[in-house]
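Let's take a walk through this protein chain, one spot at a time. Have the 3D view open and follow along.

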Amino acid sequence: MPFEIVRNDITQMRVDAIVNTANPRSVIGSGVDAGIHRAAGPELLTAREKIGRIGVGEAAITPGFGLNAKYVIHTVGPVWRGGLLGERKLLRGCYESSLALAAENGCESIAFPLISTGNYGFPKDEALRIALDAIRGFLKDHEMMISLVVFDRESFQLSRQRYREVASFIDDNYIQEKTAQQISPRHARRERICRERLEDIEVCASAPMPMAAPPKASLADLLAETDAGFSETLLKLIDQTGKKDSEIYTKANLSRQHFSKIRNNPHYQPTKPTAIALALALELNLDQTRDLIGRAGYALTSSSKFDVIIMYFIREKNYNLFDINAALFEFDQSLLGG
């Protein structure tokens, strides 16, 4: 998938470029900056000293030295001073400058921390929104694997309103499977027998006189009557929108290579997150989403938190996969895309 959120130590990421939240001057700061310098070795500071001062919202590039990454992109985030001094624009500039440098240097993958949310005090929910908007804007015109790396749960935060809304929807709709599991086998068997007897009584009371059973259809006949598969239906839906393939697979957080497999293989079997991502990219309603993913053998049910979160966003008509993936990550669910 072109974009992912991962919980990891950024110095361990195997990508072309790692973004470092640098000090404006050629000194080693704390937090992410200190960790990256420690992992890269002393050569990184020497290279950083050659660059000199970096302005807030700007970025510069050096080799990665001892890191798994080929490059380190140093960017200076803004200190949060209440939002009245252009901090939001400067933070967005950090992401845009870093991504532009990565593209200029032929990078196919890059890993970001959540910039300015440590000692610089930028509110995490606002920083996350700015990061997602900047990354989404870049991916509309570029092919690159972008990772947003968070070290722990405390370093990542949805807006409190969004978190409460999703959590409330989960509470109202998520069926706890423990209830069914707590029923004893003997009680469950007794319940099933009673239910079957009641059904037999109802059928006997209302059923018409039996008629001759119709001849059984052959397997070939049944297969001939099956609906169109996932790929065929998907491509028809895309044609109906009048949009380009690239618009759909970008919105679905898929790579061009992944989508070409879908287009060229009428029997393609997607994963559930991929099938749902494509339904969301087409902005299908709940019934239409269920129909499309059903053609790949999947369903949306209230017994899955993942499914309930998807249903929440469809109900809200919010088809932004970056927002949805942020919510899925917050609730420890699989992300959407390829």
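## Who does Thr-62 touch?

Leaving aside residues up to four places away in sequence, Thr-62 touches Leu-44, Ala-47, Arg-48, Ile-51, Lys-70, Tyr-71, Val-72 and His-74. Keep in mind that this is a predicted model. You'll find Thr-62 in strand 3, which covers residues 59-63.

Is Thr-62 buried or exposed? Its relative accessibility is 3%, and the cut-off for buried is under 20%, so Thr-62 counts as buried.

## Salt bridges between helices

Side chains of opposite charge can pair when their charged atoms come close. How many salt bridges does the structure hold? The count is 15, and here are some to look up.

Start with Glu-126 and Arg-88, whose side chains meet in a salt bridge with 2.7 Å from N to O. This pair links distant parts of the chain: Glu-126 belongs to helix 4 (residues 124-139) and Arg-88 to helix 3 (residues 87-104), 38 residues apart. Glu-126 is buried, at 19% relative accessibility, while Arg-88 is partly exposed, with a relative accessible area of 33%.

Next up is Arg-160, which forms a salt bridge with Glu-330; their closest N and O atoms are 3.7 Å apart. Here, too, distant parts of the chain are linked, since Arg-160 sits in helix 5 (residues 160-173) and Glu-330 in helix 15 (residues 321-330), 170 residues apart. Arg-160 is partly exposed at 33% relative accessibility, whereas Glu-330 is buried at 8%.

## Another pair, and a network

Now look for Asp-245 and Arg-263, whose side chains meet in a salt bridge (2.7 Å, N to O). Because Asp-245 lies in helix 10 (residues 245-251) and Arg-263 in helix 11 (residues 256-264), the pair ties together parts that are 18 residues apart in sequence. Asp-245 is partly exposed, with a relative accessibility of 24%, and Arg-263 is partly exposed as well, at 35%.

Which residues do salt bridges with shared partners join into one network? They are Arg-88, Glu-126, Arg-129, Asp-133 and Arg-136.

## The largest pocket

Rolling a probe the size of a water molecule over the atoms shows where empty space is left. The largest pocket holds about 670 Å³ of space. It has 30 lining residues, and the closest to its centre are Thr-21, Ser-30, Gly-31, Val-32 and Gly-118.

Which element gives the most to this lining? That's helix 1, with five residues. Helix 1 (32-40) and strand 6 (145-150) each supply at least two residues of the lining. Sort the lining of the largest pocket by type and you get 11 nonpolar, 14 polar and five charged residues.

## The second largest pocket

The second largest pocket has a volume of about 410 Å³. Its lining is made of 20 residues, with Leu-139, Lys-140, Ser-246, Thr-250 and Lys-251 nearest the centre. Helix 4, helix 10 and helix 15 are the elements that give two or more residues to this lining.

Helix 10 gives the most to the lining of the second largest pocket, with five residues. By type, this lining has seven nonpolar, six polar and seven charged residues.

Note on methods:
Residues numbered from 1 in each chain as written. Predicted model: local features only at pLDDT ≥ 70, side-chain atom pairs only at ≥ 80, totals over all residues. Heavy atoms only, no water. Salt bridge = Lys/Arg side-chain N within 4 Å of Asp/Glu carboxyl O. Helix = DSSP H or I, 4+ residues; strand = E, 2+ residues; numbered from the N terminus. Buried < 20%, exposed > 50% of the residue type's maximum accessible area, 1.4 Å probe, protein only. Contact = heavy atoms within 4.5 Å. 1 Å grid on protein atoms, 1.4 Å probe; cavity = no way out; pocket = protein on both sides within 12 Å on 5 of 7 lines; lining within 4 Å. Points joined across faces, edges and corners; volume = space filled by probe spheres on them. Nonpolar A, V, L, I, M, F, W, Y, C, P; charged D, E, K, R; others polar.
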